[in-house]
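Dear colleague,

I am handing over the structure below, and after it you will find an account of what was computed from its atoms. Please read the two together.

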Amino acid sequence: MRIFQMVVCLVVLSYGIFISESFAREIFNNVSVSEAQYMMSEQNNSKVDFILDVRTGEEYARSHIKDAVLIPIMILTEKMHEIQTGQSILVYCHNGNRSKVACELLTSRGHKHVFNMLGGIESWIKKGYEVVE
């Protein structure tokens with residue numbers, strides 16, 4: 001009987017982890033740099049309300065996307081009140097790792113239209129898109 005209970009417990013826990021991981025994946029959208037650029041373009045009526053750069057101040061100073069607001073990932077929780085709920089938010093970092101964490105944090109705080117730019121500014125620059133230096 002005890003083994004059966006342990007098996008049931010493991011199945012329930014595994015299912016819960018699977019559900020929470022799938023839920024996190026569905027809450028925000030991953031977009032390529034090309035999709036991000038199109039989302040920000042005038043031909044798409046600038047569907048992005050807020051461009052969030054979660055890198056460090058030094059990285060931002062070297063280059064960033066025009067109109068991007070710097071809120072480093074380390075202080076995002078403290079500065080969350082500066083981002084209006086209901087806005088569509090495009091998040092990027094250097095190569096996509098910190099922005100994924102930021103997107104998870106934003107969606108956990110109630111933001112619904114959150115987009116993670118895959119490949120980060122590194123891919124943006126490789127594509128030849130404009131940056132502010």
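This is a predicted model: local features need pLDDT of at least 70, side-chain atom pairs count only at pLDDT 80 or more; totals for chains, interfaces and linings use all residues.

C93 is buried, at a relative accessible area of 0%, where buried means under 20% relative accessible area, exposed means over 50% and partly exposed lies in between (1.4 Å probe, protein chains only). C103 is buried too, also with a relative accessible area of 0%. Taking a disulfide to be a pair of cysteine sulfur atoms within 2.5 Å, the count comes to zero.

Residues are numbered from 1 along each chain as its sequence is written, and side-chain values use heavy atoms, with hydrogens and water left out.

As to the fold, the protein chain has six helices and five strands, which along the sequence follow the pattern α-β-α-β-α-β-α-β-α-β-α; helices (H or I, at least four residues) and strands (E, at least two) are DSSP runs, numbered from the N terminus. Of the 133 residues in the protein chain, 38% are buried. With a contact defined as heavy atoms within 4.5 Å, residues 24 or more positions apart account for 66% of the contacts that have a separation of 6 or more. The protein chain exposes about 8400 Å², of which carbon and sulfur atoms supply 56%, the areas coming from the Shrake-Rupley method with a 1.4 Å probe, and only the protein chains shown counting as cover for residues.

The largest pocket has a volume of about 340 Å³. The search runs on a 1 Å grid over the protein atoms alone, and a pocket is an open set of points with protein on both sides within 12 Å along at least five of seven lines, its lining residues having an atom within 4 Å of a point; the points are joined across faces, edges and corners, and the volume is the space filled by probe spheres set on them, the probe being 1.4 Å. Of the 14 residues in the lining of the largest pocket, M40, I51, I65, K66 and D67 are the closest to its centre. Both α2 (33-40) and β2 (50-53) supply at least two residues of this lining.

D67, one of those closest to the pocket centre, sits in the loop between α3 (57-62) and β3 (69-70). At 62% relative accessibility D67 is exposed, and D67 has a positive phi of about 70° although it is not a glycine.

T107, in helix α5 (residues 97-108), is buried at 11% relative accessibility and, leaving aside neighbours within four places in sequence, is in contact with I27, F28 and V114. T77, in helix α4 (residues 76-79), is partly exposed, with a relative accessible area of 43%. Not counting residues up to four places away in sequence, T77 touches L105 and R109; the C-alpha atoms of T77 and R109, 32 residues apart along the chain, are separated by 9.4 Å.

With best regards
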